[in-house]
Amino acid sequence: MAEQRRLIFQHIDEPGYSNDLACYLRHGGYEVLRKVVAKPPAEVVDEVKKSGLRGRGGAGFPCGVKWTLLDRKSGKPIYLVVNADESEPGTFKDRYIIHQDPHQKLEGIMITCFANNVKQAYVYIRGEFPEGARILEAAIAEARAANFVGPNILGTPYSCEIYVHRGAGAYICGEETGLIESLEGKRPYPRIKPPYFPAVLGLYQCPTIVNNVETLCHVKHIAAMGGEAYAKIGTPNNTGTRIFCVSGQVKKPGYYEFEVGKLTLGQLLNEVCGGPLPGRTFKAVIPGGSSAKVLKFGERYKGKRKVGAEMVDFDWALEDVPLDFDSLALAGSMGGSGGVIVMDDSVSMVEALGNINAFYGHESCGQCTPCREGSAWMQRVTARMVHGQARKEDGALLKNIADQIAGRTICAFGEACAWPTQSFVAKFGAEFEAYAAKPAKSPAAIELV
Amino acid sequence: MIQPASPDLITVNVDGREIAVPKGTNVIEAARLAGVDVPHFCYHPKLTVVGNCRMCLVETGMPAVDPATKTPILDPATGKQKVNWGPRPAIGCATNAAPGLHVRTTTQMVKDCRQGVMEFLLINHPLDCPICDQAGECMLQEQATGYGRGYSRYIEPKNVKPKRTRLGPRVTLDDERCILCSRCIRFCNEVAKDDVLGFVDRGSYSTLTCYPGKQLENNYSLNTVDICPVGALTSTDFRFKMRVWFLKQTPSIDIESSVGANTLVWSREGVIHRITPRRNDQVNDTWMSDSGRLFYQRVRAPGRLAGIKIGDQSATLEAAIAAAGRLLQGGSVAVVGSGQSSVEEQYLTRQLADCTAAPAYLVGRSGVGDKLLISADRNPNVRGAVVTGLIKALPTAKLEELAIAIDAGQVKTIVSVGEDLIAAGLTPAQLAKVAVIYLGTQADWTSAAARVLLPSLTVFEKNGTFINQQFRLQKFSAAVPGPAGATDDLVLLAQLVAAAGGPSLASEPASLWTALAAEVPALSAISFRGIPETGLVLDGTPWAALAFAEGAGLHFRPAART
């Protein structure tokens, strides 16, 4: 059975490990920061580039590249914004880091700030994490008192402040430019790119790095072990470890950290998570948060993929798909935020999609037309279907609405709300058609979010 | 590729047509220059770009270049350079023209995008065009003709939103019609500098409203109605009064101040129903004040003068002119001209003053400028009076010199062209000492005391020109006929000149301009017909020493005086 490799979650749920500074220091805390501030900042950037670290927020964009895109010649201050608005349904990794190991994250932040000459960092934490915000505030106060954060850290000329900002409860605040708008005190309407790339025109129109909580924790470990050593973990182009948040109908849902690509979807679900519930079989899995396209058990994925320098044929069953960014993309979905949502044969795909669509219809910010009207329309169609008024043509209609959204919106929410519908209807079309023949259910029978 | 004509121009290709456009032009404007219409709702040329309606999605591509050799890759079929088309459509409003940029607006993908956006915009739209004021000038209606499905696939309940919110004293909002383009919000922030509108709620339930405790009450609020692409923001004054397709549009000029905002007067069967701004990028962009839109009410105001009178008695025009002629030939005449008269009228006023050897006065009007489209000089045409030579010095608000001359018994007859002499500072006692020949449109103290009363026309009923603060000569046209009994000021003035023993002069602008061009150096070589819609800037340097009152405005910086 595949072994977990706990890098980020090393101390999560460890008996006796607490989230205060003293405990963190006992476990070698802030030693990496101490080592880093003695060296030129560019070295850390180089190590991160060498590490091949890809962002853990959802898009999997290479972190080192993101940092090099920063406009360092503008003369404006550079900001770090930590995206702790973990709101993708099915994802629950950042909250454990914040709750149980906040100093790991703060150390990662300080290393990143030092590397990029950032003087102010903002942690944008989801409004529904009041306890997390309280813990972070306390941790920052401790770290400041111990001179790890604040003016002239560790006796060096370098100063940096970290501020915690609580969101007000909107999924779109996890979109980096929406987050920046919200942080500036406005409605979180995502900005148009170009020209508003955060690396050039971010927070307060200054160059800004927006990184996920987990990504920043990885930076700490890269700084500790060196980029090349880190790159040996995982598989080429998919380096390091990854936290998978498994939810749904498996025997042992939870969070598991593995080397990226060293584990297949089948191993994760059947070995690590103990397989389906008694008497049930797996039906479908969403591998990267609810916006990722659904994968159907029994499907096969064929094609060519790059291994090293050459192209190699692959022919995978769903269970064979390695859990890394590139392989999941080859299978037609994405690694996303690592939220693995499992559905067994007891689940109606129409009702599951109804739930997802209710979420996206509720969370569309309303700025641009296709997403605003399309997500609400899909929500209403699926709600009508599960409430017993499904029509034969609804599946095709849903897919067509989704096609009219994806690729035509200001931000990636368009794809996030279209992909579930597109993939559910394409893969479970018969179920959608059969639903039209079903007798009406009482509306109270299905409670949608 | 055609080489651009100037270094500031770049060549782009729109639907196969190459065109040189200025740097910084976006795809919508570049396509416009190429004669291609890119439909849009939220984009407005005078506001920032937000890209939220997604109607202007087009396909874009760049010429293919071999990355290694940097040489163009040719398409073997055509022999021309290949174009790498982007996989996704791009919004025309936020995509700036780059050298070699190719744009396609007629492909199936673009058509699908437009149809998709139209369908989305219409699913929650009330589709109440039959009773909507915007019908006939609605961008949604227009694009629905081109890109609507013709039927609805939407069978779910539509959103319910507030139907008649009074956003302010002049603007009423129907939120169900709103397509959330945010033009009005941007206008208030960026042009009117009055941050008062915003959205509440989210997603499909987003609703436009005022901030708590605030109202949309600035003097530019009605511009939000003009730029609203749909029937959401309506003018409380115009709402439900008239179908716009019945209205005739006549170009005119705002007489509120020396800014001279360009306007359109909308009338039907001799009745004006509204005034809206007319685009002039050098004067008022696409804006005008709310207050300037109310002037049409003067046409049918309760006190409108319509009867020619000699003393208390009704008279014919011939008799009245003859009576005035006797007064004028009696000597000791003074002429009070107006900064609200046209250039042509001021020219004739000067002729009248010249032939009666009368001193000419002008009544100044000043107020506080709003740094936008209302200047401190509230006369639309003081510069006309200066250019035509009617006055040499700038006017004051009160006619002090005239008052002294009356008291000294030097004045027996006053000709006033539309100025109420009491309001201009004379006392009733002074007025009683003289005979007044009054050309006016409104009953006032002077009309009541006039020896000869000659009702004339408002700016909406005659043709002419004004010279604004930029020394820009701008034309206005008659939108509606004047009331029976009122005569064009030019006719009245020309006849008065003749009756006073002066020369026989033309009484309509086109002919008068022959004389004006010959006589006034600053106006030489100008013909009335030749004045373009957006005006003609004159050389103002001969009058650079005059201390004009205006401060900076939207497109105006006062010249520094030494």
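Here are some notes on the two-chain model above, which is a predicted one.

1. **The hairpin in chain A.** Strands E11 (residues 300-307) and E12 (residues 310-317) of chain A run antiparallel and are paired over eight bridges. If you want a pair to check by eye, take A:Tyr301, whose bridge partner in E12(A) is A:Trp316. Two residues separate E11(A) from E12(A) in this hairpin, and A:Gly308 in the turn has a positive phi of about 65 degrees.

2. **Where the chains meet.** The contact draws on 26 residues from chain A and 24 residues from chain B. On the side of chain A that touches chain B, helices H14 (349-363), H15 (369-389) and H16 (394-405) each supply at least two residues. H15(A) gives the most to that side, with 11 residues. Sorted by class, the side of chain A that touches chain B has nine nonpolar, 11 polar and six charged residues.

3. **The cores.** The largest nonpolar core has 198 residues, and A:Val81, A:Val82 and A:Val285 have the most contacts inside it. Leaving out residues up to four places away in sequence, A:Val82 touches A:Ile109, A:Ala121, A:Tyr122, A:Val123, A:Tyr124, A:Asn211, A:Val213 and A:Leu216.

4. **Two cis bonds in a row.** Have a look at the loop between helix H8 (176-183) and helix H9 (198-201) of chain A, where A:Pro194 sits. The peptide bond from A:Lys193 to A:Pro194 is cis, with omega near -5 degrees. The bond joining A:Pro194 and A:Pro195 is cis too, with omega about 5 degrees. A:Pro195 belongs to the loop between H8 and H9 of chain A as well. I'd flag these, since most peptide bonds are trans.

5. **A positive phi at A:Tyr30.** A:Tyr30 is not a glycine, yet its phi is positive, at about 65 degrees. You'll find A:Tyr30 in the loop between helix H1 (21-26) and helix H2 (31-36) of chain A. Is A:Tyr30 buried or exposed? A:Tyr30 counts as buried because it has 24 C-beta neighbours inside 10 Å, and the cut-off for buried is 20 or more.

6. **And another at B:Ala357.** This residue also has a positive phi, about 55 degrees, without being a glycine. Most residues other than glycine have a negative phi. B:Ala357 lies in the loop between helix H7 (343-355) and strand E18 (360-362) of chain B. With 10 other C-beta atoms within 10 Å, B:Ala357 is exposed.

Technical notes
Residues are numbered from 1 along each chain as its sequence is written. Chains are lettered from A and ligands numbered from 1 in the order in which they are written. This is a predicted model: local features need pLDDT of at least 70, side-chain atom pairs count only at pLDDT 80 or more; totals for chains, interfaces and linings use all residues. Two strands pair if DSSP finds at least two bridges between them. Helices (H or I, at least four residues) and strands (E, at least two) are DSSP runs, numbered from the N terminus. Two residues are in contact if their C-beta atoms, placed from the backbone, lie within 7 Å. Ala, Val, Leu, Ile, Met, Phe, Trp, Tyr, Cys and Pro count as nonpolar, Asp, Glu, Lys and Arg as charged, and the others, Gly among them, as polar. A nonpolar core is a set of buried Ala, Val, Leu, Ile, Met, Phe, Trp, Tyr and Cys residues joined through C-beta atoms within 7 Å. A residue is buried if 20 or more other C-beta atoms lie within 10 Å of its own, exposed if 12 or fewer, and partly exposed in between; C-beta atoms are placed from the backbone.
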